[in-house]
4 protein chains.
Amino acid sequence: MAGNSYGTLYKVTTFGESHGEALGGIIDGCPSGIQLDFEAIEVEMSRRKPGQSAIVTQRKEPDAVQFLSGIFEGKTTGTPIGFIIPNTNQKSDDYSHIKDNYRPSHADYVYDQKYGFRDYRGGGRSSARETASRVVAGAIAKQMLPQIKINAYVSSVGPIHLDTPYQELDFSKIESNPVRCPDEKSAAVMEEYIRDIRKQGDTVGGVVSCVIQNVPVGLGEPVFDKLHAELGKAMLSINAVKGFEYGSGFSGSEMKGSEHNDLYNPDGTTKTNLSGGIQGGISNGMDIYFRVAFKPVATIMQTQDSLDNKGNITPMTGKGRHDPCVVPRAVPIVEAMAAIVLADFYLINKTY
Amino acid sequence: MAGNSYGTLYKVTTFGESHGEALGGIIDGCPSGIQLDFEAIEVEMSRRKPGQSAIVTQRKEPDAVQFLSGIFEGKTTGTPIGFIIPNTNQKSDDYSHIKDNYRPSHADYVYDQKYGFRDYRGGGRSSARETASRVVAGAIAKQMLPQIKINAYVSSVGPIHLDTPYQELDFSKIESNPVRCPDEKSAAVMEEYIRDIRKQGDTVGGVVSCVIQNVPVGLGEPVFDKLHAELGKAMLSINAVKGFEYGSGFSGSEMKGSEHNDLYNPDGTTKTNLSGGIQGGISNGMDIYFRVAFKPVATIMQTQDSLDNKGNITPMTGKGRHDPCVVPRAVPIVEAMAAIVLADFYLINKTY
Amino acid sequence: MAGNSYGTLYKVTTFGESHGEALGGIIDGCPSGIQLDFEAIEVEMSRRKPGQSAIVTQRKEPDAVQFLSGIFEGKTTGTPIGFIIPNTNQKSDDYSHIKDNYRPSHADYVYDQKYGFRDYRGGGRSSARETASRVVAGAIAKQMLPQIKINAYVSSVGPIHLDTPYQELDFSKIESNPVRCPDEKSAAVMEEYIRDIRKQGDTVGGVVSCVIQNVPVGLGEPVFDKLHAELGKAMLSINAVKGFEYGSGFSGSEMKGSEHNDLYNPDGTTKTNLSGGIQGGISNGMDIYFRVAFKPVATIMQTQDSLDNKGNITPMTGKGRHDPCVVPRAVPIVEAMAAIVLADFYLINKTY
Amino acid sequence: MAGNSYGTLYKVTTFGESHGEALGGIIDGCPSGIQLDFEAIEVEMSRRKPGQSAIVTQRKEPDAVQFLSGIFEGKTTGTPIGFIIPNTNQKSDDYSHIKDNYRPSHADYVYDQKYGFRDYRGGGRSSARETASRVVAGAIAKQMLPQIKINAYVSSVGPIHLDTPYQELDFSKIESNPVRCPDEKSAAVMEEYIRDIRKQGDTVGGVVSCVIQNVPVGLGEPVFDKLHAELGKAMLSINAVKGFEYGSGFSGSEMKGSEHNDLYNPDGTTKTNLSGGIQGGISNGMDIYFRVAFKPVATIMQTQDSLDNKGNITPMTGKGRHDPCVVPRAVPIVEAMAAIVLADFYLINKTY
């Protein structure tokens with residue numbers, strides 16, 4: 001399948017390993033004539049970047065994007081946009097301990113089994129550093145769809161949940177704290193929890209919620225390429241994601257039809273929105289919202305048994321970089337993938 | 001996107017409306033030389049069929065599959081397998097009440113908005129009757145992969161949950177009760193609950209769990225076409241699905257890395273399997289398991305407000321057919337889509 | 001690749017063997033609201049059908065198309081159009097002589113090598129009968145693009161060439177003779193030649209020329225999916241095709257730039273059109289024209305050596321059906337594939 | 001369609017304008033474990049490069065490829081191979097004369113019409129410089145398939161034809177002369193002809209022939225993705241190509257079936273090979289051969305009328321660079337595209 005492309009008409013293809021020369025990608029199908037705001041792209045990149053605050057990893061990833069094609073005098077030309085993000089820190093000595101070792105719940109083992117050998121430095125292609133290219137493609141997709149508002153935020157960290165409905169949240173607060181939780185009280189508790197996890201040399205998972213507003217009616221291609229099916233695939237393709245639900249989600253499975261049905265207003269909007277803005281796989285004009293579950297990062301600063309490539313169990317301790325909770329950094333990635341999915345359907349469904 | 005195809009090398013394309021002449025599809029890429037067990041295909045079809053028991057809809061759908069190509073002397077030839085499932089009941093008069101009306105939480109409204117008009121009879125293309133074609137394609141995929149065991153079952157109905165780990169269940173009991181729950185006690189409670197819902201003229205959602213065993217290491221194509229991302233998309237494309245999680249799923253987001261990591265045995269298997277048989281998007285040889293959330297069916301036998309195409313709110317009562325809980329019938333559909341996803345990756349990854 | 005689909009947004013998938021139950025296909029992505037002219041579809045089907053005149057095979061292929069979905073009250077609904085063409089003559093006894101024999105320059109041998117065995121009746125999937133499904137899909141594509149005029153005709157039969165530029169031909173004469181050559185004198189010579197070939201029990205090849213008019217500027221997707229590259233692929237996928245050239249074609253390779261360049265008129269049209277209506281892979285608004293070379297049909301009524309599946313060379317004589325020159329019947333197939341390619345680009349390039 | 005990708009399992013995506021920062025591409029799906037010969041890649045690049053001899057353009061294109069990912073310790077890892085080819089000469093002042101002018105038989109006009117504006121420097125995306133990325137991808141495909149021999153050569157330049165059958169040519173002579181014609185006498189005549197054309201400030205077209213040997217039986221996916229249909233598309237996607245024919249090609253259309261049929265030897269090979277190594281769209285193990293027609297390059301050093309974007313006809317003279325015959329430089333590009341097509345089918349058909 002050569003699985004490094006996403007999309008049909010807004011088609012994103014990425015490349016790059018954690019410690020190779022560079023990451024990058026090609027955005028093929030971006031319409032011509034979009035005046036790009038490069039600063040806005042940099043903002044998205046810096047949101048994803050490690051080392052933003054005391055609660056995330058202090059690794060340095062400058063993430064400077066270089067655009068190589070498809071842009072002329074600041075505007076997209078309709079031809080493919082090639083870009084690279086050079087890796088400034090390519091020294092691999094600090095990954096020598098994993099050269100012959102499979103870390104638990106990492107992809108080391110399956111890559112070796114599937115491909116015969118692997119670029120072991122920093123996780124290689126399976127590193128979440130790969131998502132930097134997605135953020136570039138998503139940032140441009142956002143600029144292609146300025147009328148649509150995409151807001152993701154952290155709605156839970158480990159056992160701490162923000163249960164407030166999104167309608168009652170102030171999205172402008174998302175960037176006001178390092179957890180990217182728009183409810184300041186919850187954010188403080190979450191931050192405290194993450195600091196504690198960090199001290200333990202442990203990691204913790206969480207949930208990112210995402211709300212998409214101002215989507216026109218009609219996006220989505222049943223029966224297989226339903227809008228929520230593509231959103232689900234796009235989210236599940238992000239590193240560490242374990243689950244996806246939209247609208248009423250898993251809790252909707254506990255409800256009765258008489259409770260769950262969204263009754264209409266005369267203008268075609270609905271009084272409730274348990275459908276999550278999508279009916280039959282097609283956007284209905286209401287807000288689209290969904291939740292994405294992230295497992296805790298597998299690299300912990302504690303000693304755990306690993307497997308070497310000769311079949312020996314050997315204790316191993318995580319070194320150097322520690323990302324106790326990756327979920328805040330996942331927020332811009334979720335938004336990027338949502339923007340890419342929407343951009344593709346926009347072009348397919350000709351509502352651009 | 002012309003969204004009615006799934007897969008790259010095992011490629012399934014379907015067509016058909018609820019009350020058209022016939023449904024059907026084309027399976028392109030099925031390897032040659034598979035001696036088909038047509039009875040096994042019929043069994044899968046009858047599992048999906050309405051009217052199997054007192055707790056499901058009594059609608060008659062004979063679902064007799066006619067194979068038109070790609071099979072010679074009982075064996076697949078490697079050329080596309082065309083098939084049709086004639087609709088024996090095409091009378092549309094009993095759907096006249098929805099001709100100009102949009103039922104709440106159905107796709108009526110979005111189809112009219114997207115396409116300008118619609119085949120309103122029985123939901124047209126958005127009817128779950130469409131899944132009959134998927135079951136045919138899945139039944140053949142299963143026969144292509146006889147070594148792999150796929151078992152889906154109902155793990156919750158409305159508020160009633162079966163929390164027993166799948167390892168402790170006896171999959172041979174799944175078909176022993178109309179709910180398709182392998183735990184007989186839970187099945188009895190669920191059945192009772194559904195009978196009650198039926199009496200209320202209401203519907204209820206539920207969850208289907210699925211376990212896939214004997215999958216070789218190496219299936220899946222990162223970074224976008226990860227095995228679980230494709231499984232997720234395939235499940236989310238089934239009518240009424242609101243969520244998907246695999247392995248530890250949403251509950252994994254509450255855990256610490258030190259709890260969540262699956263430690264290795266010397267042979268490359270893992271002591272625990274919170275990863276759900278997939279690491280970095282690639283199967284690792286452990287059991288794959290996931291859960292699929294279904295909302296309650298929107299058609300209820302109670303009076304609810306609907307919207308007509310002139311913008312009037314009008315009360316409407318569901319007629320005739322009543323499927324109080326569609327989740328047991330979804331079990332073979334979940335298995336079919338899982339088989340299709342696996343068949344595609346088998347061919348792509350050359351382990352067939 | 002599962003190579004039985006063509007197109008991205010107007011996506012045609014076909015199935016069916018020469019002597020199976022039925023041929024058929026699915027057209028996915030056809031826009032909604034097109035009032036179909038079923039009679040026009042029948043006309044296209046009858047143009048492709050064998051037995052139309054004394055110079056073609058007398059085999060009976062009734063080719064009645066049954067539409068099964070995607071059409072409601074005579075109009076396309078935007079959902080996939082499924083259709084079948086039942087094979088009324090499925091008796092296979094008259095093909096028993098090729099069961100274990102590979103006919104020269106047929107696909108018998110490669111199908112057996114690739115798939116392990118084959119449906120040997122009448123060529124199975126490799127029979128040109130497969131093109132009936134393409135004609136259905138093309139007839140609908142034509143109706144989707146009523147403003148565009150597609151005219152194909154026979155421009156050579158064996159050594160007899162019609163060298164008149166297409167601008168001087170009267171396309172309304174194409175159907176006036178069994179050769180489908182708009183120049184009546186040439187047609188008479190060609191017909192005579194074919195009659196002679198028929199008497200010899202031999203076959204002969206020829207060339208189909210095609211002219212597409214009223215195409216808007218902008219269709220085509222460089223650098224790989226150039227308009228002429230897709231047209232070329234589509235034509236080369238038709239049975240017996242050996243070559244494709246557009247605009248100046250092979251003769252253009254003998255010219256100088258100063259002769260070949262098409263100078264502009266002030267309105268963007270060009271004084272000459274050696275470019276064939278396409279520059280850089282994108283339509284420029286001028287007439288698109290191309291030529292498609294067909295080899296002589298391999299089945300001849302003479303005795304030739306064949307190979308059996310045990311490695312013996314055995315003489316074999318063609319039986320029953322004799323199509324001395326398939327080229328006139330290829331005319332509607334060329335038009336159909338051209339229409340399918342254009343329909344796909346129309347949707348992709350949003351000029352519909 | 002976002003037409004800048006080719007292939008399904010060996011998938012090549014390219015980007016880059018003539019005078020942008022860099023060209024480049026991503027090869028997704030290349031199998032792991034191939035020890036790359038970087039020198040061989042450089043050789044292919046230098047074959048394509050302008051300025052190799054007195055008969056081609058003297059433009060400098062250093063074409064140094066930088067690989068950024070997918071390669072570790074000199075071997076492919078199975079992950080996407082990203083690469084760039086920096087443009088060292090980005091000064092655009094010498095293209096100011098075409099900023100507002102549409103050169104005859106260039107893509108300037110259609111790009112402006114399709115995209116609203118364009119990167120006018122040196123043809124932008126429509127420049128043949130784009131093919132440098134194809135040559136990289138083809139060079140790696142060749143190394144993936146070391147057993148297969150691909151030899152292209154110039155078989156005609158303008159009116160001068162080399163009619164010797166390829167079986168009688170010595171492919172080792174191809175690189176012995178600047179025309180890349182393996183027959184030295186013809187090469188000398190062709191070279192003389194090109195020198196004369198150069199003096200006239202004119203250009204001339206030609207034909208590249210290509211022979212592929214040692215291809216296993218079974219590559220190709222009927223009915224649409226036939227081997228020769230994909231080869232044809234790939235060749236037609238190369239700049240300036242006007243026609244493609246394989247095996248007997250257009251001359252086969254003049255033959256009788258009794259002459260054209262390839263009779264079998266007992267081992268399944270054929271006595272003749274008018275089929276060109278492909279039957280029914282599937283390789284039959286015989287040599288594959290085809291011919292590709294190139295028009296003369298549109299940029300000539302003579303004064304010709306052009307159109308400006310206000311609708312005025314203005315005389316224009318080509319400046320600086322003059323490529324009197326691009327056909328010798330097209331030889332490695334034809335080979336590269338052939339290698340890419342074969343690599344893709346190898347992976348799809350699992351014979352790798």
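Me: Which residue of chain C comes closest to the rotation axis?
Reply: That is C:K350, with its C-alpha at 3.3 Å from the axis. Keep in mind that this is a predicted model.

Me: What rotation superposes chain C on chain A?
Reply: A rotation of 180°, with 0.0 Å of shift along its axis. The RMSD is 0.0 Å. That is the relation of a two-fold axis.

Me: How many residues of chain C are in contact with chain A?
Reply: Five residues of chain C, and they touch five residues of chain A.

Me: And what area do chain C and chain A bury between them?
Reply: About 440 Å². Carbon and sulfur atoms hold 85% of it.

Me: Which classes of residue are on the side of chain C that touches chain A?
Reply: Three are nonpolar, one is polar and one is charged.

Me: Let's switch to chain A and chain B. How many residues are in contact there?
Reply: 106 residues of chain A are in contact with 106 residues of chain B.

Me: What area do they bury between them?
Reply: Chain A and chain B bury about 8,100 Å². Of that, 58% is on carbon and sulfur atoms.

Me: How many salt bridges across that interface of chain A and chain B?
Reply: Six by the rule. One pairs the side chains of B:K114 and A:E221, at 2.9 Å from N to O.

Me: How many residue pairs are in polar contact across the interface of chain A and chain B?
Reply: The rule finds 53, with both residues at pLDDT 80 or more. As for classes, the side of chain A that touches chain B has 44 nonpolar, 41 polar and 21 charged residues.

Me: New topic: the largest nonpolar core. Which residues touch the most other members?
Reply: A:F290, B:F290, C:F290 and D:F290. That core has 352 residues.

Me: What is D:F290 in contact with, leaving aside its neighbours within four places in sequence?
Reply: Its contacts include D:V208, D:C210, D:I212, D:L231 and D:M235. Also among them are D:S209, D:F244, D:E245 and D:Y246. D:V334 and D:A338 are in contact with D:F290 too.

Methods
Residues numbered from 1 in each chain as written. Chains lettered and ligands numbered in written order. Predicted model: local features only at pLDDT ≥ 70, side-chain atom pairs only at ≥ 80, totals over all residues. Heavy atoms only, no water. Contact = heavy atoms within 4.5 Å. Buried area = accessible area lost by both parts, 1.4 Å probe. Nonpolar A, V, L, I, M, F, W, Y, C, P; charged D, E, K, R; others polar. Least-squares fit on C-alpha atoms with pLDDT ≥ 70 in both. Core = buried A, V, L, I, M, F, W, Y, C linked by side-chain atoms within 4.5 Å. Buried < 20%, exposed > 50% of the residue type's maximum accessible area, 1.4 Å probe, protein only. Salt bridge = Lys/Arg side-chain N within 4 Å of Asp/Glu carboxyl O. Polar contact = N/O pair within 3.5 Å; in protein donor to acceptor, adjacent residues only side chain to side chain.
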